[in-house]
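Reader: I would like to learn how to read aromatic pairs in a model of this kind. Could you take me through them slowly?

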Amino acid sequence: MNRRLATAAVSLLLLTATAAVAAPAAVAAPVPAAQASATEPADPAGGFGPVSVRGTGNTVLTTAFQGFEGDPVQISVDARTSTNTDPRGTAGHFHVRHVHTDGRLVADFEGDITCLAVGGREAIATGVITRSEAPWFPGLELTGQKVALSVEDNGRRGDRMGWVWGVFGQPVSDCQGTVPFIRTTSGDFSVRG
């Protein structure tokens, strides 16, 4: 394993371990229609109707990502399903682009969403990479690997996002992921359901 790949793998393992011990975000209970606010419309299906997450978030990696600090990362996701209790009807797409501070491409990949779960303002979408380019990691095959993307929709206050890449040996199961651990610097995600 070359030094860059080892450094990236260790950084991702540390990040995943840190996120795994963090307290999970509270899942909002369904709000009665009479108490629903203008920003959270009433859900007549009691939280079990159609759900979706859409949008793009940009961020800059922090010092927690040793060797990649300052790198811009962009994540786009468009996922939807007819019910939050049966992910088999999930459809959608994701795209991730990571560029080094010197402008060289670290990785660019996209794929199909296979599962979506929404709780309040948060969503976890998992999927499989169908197209990939990762010149920073020669010999690393991304296509066919699973990923988990997490989003917290905070409206105008700035969203948060997180991820787990199965590529580096992290287990990725359908609709399971990490807390959204990094604040976006621009873009906007919309979580509905």
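Author: We begin with the rule: rings of Phe, Tyr and Trp, the last by its six-membered ring, pair if their centres lie within 6.5 Å. This is a predicted model, and by this rule the count comes to 6 aromatic pairs.

Reader: What describes a pair of aromatic rings?

Author: The distance of the centres and the angle of the planes describe such a pair. Here Phe68 and Trp136 form a tilted pair, with 6.0 Å centre to centre and 55° between the planes. Phe68 lies in the loop between S1 and S2, whereas Trp136 lies in the loop between S5 and S6, so the pair ties together parts that are 68 residues apart in sequence.

Reader: Which pair is edge-to-face, with 90° between the planes?

Author: That pair is Phe109 and Trp165, at 5.2 Å centre to centre. Because Phe109 lies in strand S4 and Trp165 in strand S7, the pair ties together parts that are 56 residues apart in sequence. Phe109 counts as buried at 6% relative accessibility, and Trp165 counts as buried at 12%.

Reader: How should I read the burial of such side chains?

Author: In soluble globular proteins, nonpolar side chains tend to be buried together. In this model the largest nonpolar core has 36 residues, and Phe109 and Trp165 are among those with the most contacts inside it. The largest share of this core, 6 residues, comes from S4.

Reader: Is strand S7 largely enclosed or open?

Author: Of the 6 residues of S7 (residues 160-165), 5 are buried, so the strand is largely enclosed by the rest of the structure. Strand S6 (residues 146-152) pairs with S7 in the antiparallel sense over 6 bridges.

Terms used. Residues are numbered from 1 along each chain as its sequence is written. This is a predicted model: local features need pLDDT of at least 70, side-chain atom pairs count only at pLDDT 80 or more; totals for chains, interfaces and linings use all residues. Side-chain values use heavy atoms; hydrogens and water are left out. Buried means under 20% relative accessible area, exposed over 50%, partly exposed in between (1.4 Å probe, protein chains only). Helices (H or I, at least four residues) and strands (E, at least two) are DSSP runs, numbered from the N terminus. Two strands pair if DSSP finds at least two bridges between them. A nonpolar core is a set of buried Ala, Val, Leu, Ile, Met, Phe, Trp, Tyr and Cys residues joined through side-chain atoms within 4.5 Å. Rings of Phe, Tyr and Trp (its six-membered ring) pair if their centres lie within 6.5 Å; planes under 30 degrees apart count as stacked, over 60 as edge-to-face and the rest as tilted.
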